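Subject: Structure handover

Hello,

Here is the structure I promised to pass on. Please open it first, then read my notes below.

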Amino acid sequence: MKIWSTEHVFSYPWETVIKAAMRKYPNPMNPNVVGVDVLDRNLDTDGRLHSHRLLSTEWGLPGIVRAILGTGHTRTYVKEHSIVDPEEKKMELYSTNITLTNLVSVDERLVYRPHPDNPEVTVLTQEAIITVKGVSLSSYLEGMMALRMSANARKGWDAIEWIIQNSERENVPLCELY
Amino acid sequence: MLIVLKMNSVGEDCTDLKREYDQCFNRWFAEKFLKEDRSGDPCTEMFKKYQHCVQKAIKEKNIPIDGVEFMGPNKEKPDS
């Protein structure tokens with residue numbers, strides 16, 4: 001098991017960042033995400049919005065990797081649960097893979113909040129627990145995956161920035177972009 | 001240059017329903033929810049149609065939705 005965590009600051013207010021986060025896909029940094037669906041969405045008794053989403057990703061794995069994984073299916077699926085609290089200004093996102101679970105588990109938690117010292121900017125804290133199963137090199141592989149998570153996190157931040165800037169450039173409010 | 005990207009549904013037939021719902025939701029989210037306006041959700045009917053399609057696609061593709069534990073907070077299912 002490997003625990004990985006990081007923190008990033010977006011130079012935009014919280015509302016702007018989470019509007020982009022709720023509409024993160026599609027974006028040029030994550031071309032592997034090929035499908036996103038909302039499975040359930042509701043308000044809880046504290047006025048927080050819960051969304052459960054399914055993401056499908058297509059990796060275009062090379063043939064040999066597919067042979068090792070023992071599958072012709074290169075589609076993997078991730079389940080996400082997000083909670084937006086507009087009063088407290090906090091958005092939490094939890095995600096986990098629901099395919100390849102016999103090989104690896106990647107559980108991620110993201111929290112977006114206004115920066116405690118500067119309410120005009122937003123802090124994203126991000127952590128993941130990575131577990132590679134049934135392989136003797138598991139801690140080595142988990143270490144490699146943690147490195148990949150850092151690279152992916154960077155892509156994720158760029159994706160949010162792209163969503164924000166793409167709508168600003170066109171002077172279109174984020175909700176009108178479609 | 002306006003870059004227009006659109007996302008697909010996990011079920012190919014559901015993409016139009018998804019985009020229609022997303023547009024409604026994104027508007028409500030930005031203009032009502034984040035401004036703590038609690039007036040009703042205009043997207044309920046759209047969501048039902050979209051959901052019906054997605055649930056069918058999930059069954060057809062055998063996507064393993066149920067029985068997955070999250071490391072998220074424990075909560076009982078809230079009322080809609």
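**A buried glutamine**

Q126(A) is buried, with a relative accessible area of 7% (buried means under 20%, exposed over 50%, partly exposed in between, with a 1.4 Å probe and protein chains only). The residue lies in strand β7 of chain A. Strands (E, at least two residues) and helices (H or I, at least four) are DSSP runs, numbered from the N terminus.

The side chain of Q126(A) has two polar contacts to report. One joins it to the side chain of E108(A), at 3.2 Å. The other goes to the side chain of W157(A), at 3.2 Å. A polar contact is a pair of N or O atoms within 3.5 Å; within protein, one must be able to donate a hydrogen and the other to accept it, and residues adjacent in sequence count only if both atoms are side-chain atoms.

Leaving out residues up to four places away in sequence, Q126(A) also touches others, including W4(A), S5(A), T6(A) and A153(A). Contact here means heavy atoms within 4.5 Å.

**How the model was read**

This is a predicted model, where local features need pLDDT of at least 70, side-chain atom pairs count only at pLDDT 80 or more, and totals for chains, interfaces and linings use all residues. Residues are numbered from 1 along each chain as its sequence is written, chains are lettered from A and ligands numbered from 1 in the order in which they are written, and side-chain values use heavy atoms, with hydrogens and water left out.

**A buried histidine**

H50(A) sits in strand β3 of chain A. It is buried, at 1% relative accessible area. Its side chain makes polar contacts with the side chains of D44(A), at 2.8 Å, and H81(A), at 3.0 Å.

**Where the chains meet**

In chain A, 52 residues are in contact with 47 residues of chain B. About 4300 Å² is buried between the two chains, and carbon and sulfur atoms give 67% of that. Buried area is the accessible area (1.4 Å probe) that two parts lose on being put together, summed over both.

Polar contacts do occur: 10 residue pairs between chain A and chain B, both residues at pLDDT 80 or more. On the side of chain A that touches chain B, β2(A) gives the largest share, 11 residues.

V10(B) comes before α1 (15-31) of chain B. This valine is buried, at 5% relative accessible area. Beyond its neighbours within four places in sequence, V10(B) is in contact with residues of chain A, among them G35(A), V36(A) and L54(A), and with K61(B) and I63(B). V10(B) and K61(B) are 51 residues apart in sequence, but 9.3 Å apart in space, C-alpha to C-alpha.

**The cores**

Which residues touch the most other members of the largest nonpolar core? They are L54(A), V84(A), M91(A), Y112(A) and F29(B), out of 52 residues in that core. α3(A) gives the most to it, with eight residues. A second, separate core has five residues, including Y25(A), V33(A), V36(A) and M7(B). A nonpolar core is a set of buried Ala, Val, Leu, Ile, Met, Phe, Trp, Tyr and Cys residues joined through side-chain atoms within 4.5 Å.

Best wishes
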